[in-house]
Amino acid sequence: MAAQPVPHPSTDRRRVKVYELRNNDWFDRGTGFCTATFASSEDGQQRDARVIVESEDLPGRTLLETRICKEDGFHKQQETLIVWTEPTNGIDMALSFQEAEGCAMIWKFINSIQQQYNPSSNHQDDSLSDDLAMDVVNPTSLPEVSMGNLAEIETQMRQMTSTINGREALAKYVVAENYIEKLLPIVADAEDLENLSDLHRLCNIVKTIILLNDTAIIEHAVSDACVIGVVGALEYDPDFPSHKANHRQWLQGEGRYREVVRIEDPNVIKKIHQTYRLQYLKDVVLARILDDNTFSVLNSLIFFNQVDILQYLQANSAFLGELFGIFKTPQHLTRKKDAVLFIQQCCTVAKNLQPPARQTLCNNFIAHGLLQVIHFGLKSNDVAVRVGATDILVSTIDHDPQMIRQMIYRQIHEKQPPLTDTLIDLLLVETDLGVKSQISDTLKVLLDLGLPLQAEVFPKANGEYVTRTRIAQGPDPQQDNFLALFYDKSAVKLFQPLIALQDRTTMEFTTFEASTFSYLVEILCFFIRQHQHRSKFFVMNHNIVPRITQLLQSPEKFLKLVAVRFLRQLVGSQDDFYIKHLCEKRVIEPVLDLLIKTMPRDNLISSACLELFEHIKKETIKDLVKHMVENYREKLRSLSYMELFRTMILRYDQTSGFTANMDFFLESEEDGTRDRRRNRPPPRGNPMEHLTVDEAQEEYWNNSDDEEDLQLRSSDRALPGNGESPSTKLLVDYASDEDLDDNIEAGAISGDEDKPDEKKQNSDENPMVGVPPPERVSEKRRREEEEEDDLSKMVQYKRRNSTSAGQNTSGTPPGNLRKKKIAPGVRDAGGGPKKIAISLSATKTGELGDD
């Protein structure tokens, strides 16, 4: 049969959304206009049928272009969906049409093309190649449905599902012959006869049909006419022969479906029922046997149904007005409860939508009065309503927290109780731990002022870094007013259970009280991080720290950990206010007592306490170290079998509690007799300036035999004979003392190591003879000792230069590496400039030339 081309694309473009399946979730690739037409190939003869979608926002952009071929497996779902699998990459794709008419027209074109590959067609197109006919599937035929043929039907189905062609042929046969409806009466007959073996065969047959992954079969199976019979057959699972499920009892009747506001569109009602049945089939009936393909098909059907349902709801202004109008007029509490639960289901379903669709739905709900629904639900006495309202609030905050803050600011301006007070009241009385957790997170989000400004670091190509601090914006007056009001009234109400611990003698709490303390301490830690100045005043004014420390006496281990975690938060802030406050309130002692009590055992409590003290030592918090050693020395000594506390006491005793850097404490007891200056940390400068010089070693290096021999060889060739003018070569200008020190720190000691046979060099004598040499002589040093490392060279250099000021004599010791002082008489004795030999190393000498 020849394919029928679609009309001209310019007049038959249909608005459509393109979806792509990624990780079992449908991703929206965009909205555009769909056309189905023929495209000529490169040779200009053969024409390929293609489906093309052009972007609505960018007319020149193509969102989709796919070729219709045998491997595609295009399927039409419901009235507005076409799904298929791309043959090139195996990705599942879907087109969701805005109108059913457009979907029908595109599907008519695709179906006409696919019929060319249908082996049952009597009209074979001449353009088909011979290799396409080689894969023709033989017509399928199953035995007549009857009680006696169930075993044969089950066997033939199992054989056909072993191949791909067999699965496709079986799926087409089941749809064409309406095979599911023929099986349903057999289920009732087998139950009447109590024939368990036939019921097990029927269950396997229905499972095989559903697992064919055909969308048309699944939609037909969950229809009103078939769903009860299908789940009835699935109740008799042969894997559990002694048990029978009750799926029909759960799905029968309309008792579980409640219309808060009447939905006029029958198609929407049908999709609601179908979605519920699909979810039940996926999560309950087939949960144990589902494969990935069937799971993906069921999720796709559920997703597209939910999209259609929510689009109808948010586009129907009359429906939304009547729904939210329930909370504006006196209504029965049951209807209000159902309305809250209905809105909660809508928000839950919206979490699976794409962000634009979810944002549109949330904006429509808020515009019609969603916040009033939240207020009603949070104050309700029904637990289900409170849970629903909390879930709605969390979904709204996830959408736009600033919008909720603006609503709170408006409430404060109008002198109304803010939403935060409602949340605080609910947190203190709620017994459901899940609701408590959600309320706690909600309070933290509403009171979050954002991260403090930090310096932005940008790396440069040369490895250096530059920082740029963002421009600080002024505080929001509304936000500042809100925080001031919160800490004046709301915070006192929120932390009242902690403040009330002052008059309590026993620390035994109920489960409800213990969970409340846990969440309150967690919220307080968040406030300390975010509201630094206001939280400091609140903690000090209401004496919060000693109250939380009382929780260390509780028999509940998790409450002890809560208290230790709070103290760790204060210590970790390294704020002088909190450090002094901890010392003033003497709250470290209960932690030490708890550690002494639990230390013989290794558990989470002892680990948390040890980590707290290890942090104090590591971060060099001097005030806390001094406070601990001076006030609790005996308790620390009882824990001195651990290196942490033994070192803490020792270091305090050696430094009297005043040490700038604990990394440079004494390492042993015998070091205590050394000079205090040698225990100070080295300043940032040349590390060689802090090395001491041993006189015996200095004498050995000054009297080196190698340098004596070198000096003798140098003196033999110091002056040319008969007054000849010596050949002189100027040395490189020496750097200043500061530059030389910098070079030494960088390890850049210059030397002509690549020229071991270089001749000695001449220079003029320094005219400043009478001036004593400076304390540190700047000179170019050369070495060739390959066995010495850079550090030994630096040490030798500093040792020789450190004594240059004290050894200013007219003689020239053989091993001295400093400038020699020449007497005036010697200068005038010979004709011409006199030369001074300078030993630079054990093997090299140099002479000063003209300066």
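Strands S6 and S7 form a hairpin with six residues between them, and glycine 90 in the turn has a positive phi of about 75°. Helices (H or I, at least four residues) and strands (E, at least two) are DSSP runs, numbered from the N terminus. The model is predicted: local features need pLDDT of at least 70, side-chain atom pairs count only at pLDDT 80 or more, and totals for chains, interfaces and linings use all residues. Residues are numbered from 1 along each chain as its sequence is written, and side-chain values use heavy atoms, with hydrogens and water left out.

Strand S6 (residues 81-85) pairs with S7 in the antiparallel sense over five bridges; two strands pair if DSSP finds at least two bridges between them. Strand S1 (residues 14-22) also runs antiparallel to S7, joined to it by five bridges. Alanine 94 in S7 is the bridge partner of valine 83, and tyrosine 19 likewise stands opposite alanine 94. Five of the six residues of S7 (residues 92-97) are buried, where buried means under 20% relative accessible area, exposed over 50%, and partly exposed in between (1.4 Å probe, protein chains only).

The side chains of arginine 15 and glutamate 56 meet at 3.2 Å, N to O. Arginine 15 is partly exposed, with a relative accessible area of 36%, and glutamate 56 is partly exposed at 31%.

The count of salt bridges comes to 33. In another of these, the closest N and O atoms of lysine 444 and glutamate 522 are 3.0 Å apart. Lysine 444 lies in helix H19 (residues 433-446) and glutamate 522 in helix H22, so the pair ties together parts that are 78 residues apart in sequence. Lysine 444 is buried at 13% relative accessible area, while glutamate 522 is partly exposed at 35%.

Leaving aside neighbours within four places in sequence, phenylalanine 566 is in contact (heavy atoms within 4.5 Å) with Val521, Leu524, Cys525, Ile528, Val545 and Ile548.

Technical notes
A salt bridge is a side-chain nitrogen of Lys or Arg within 4 Å of a carboxyl oxygen of Asp or Glu.
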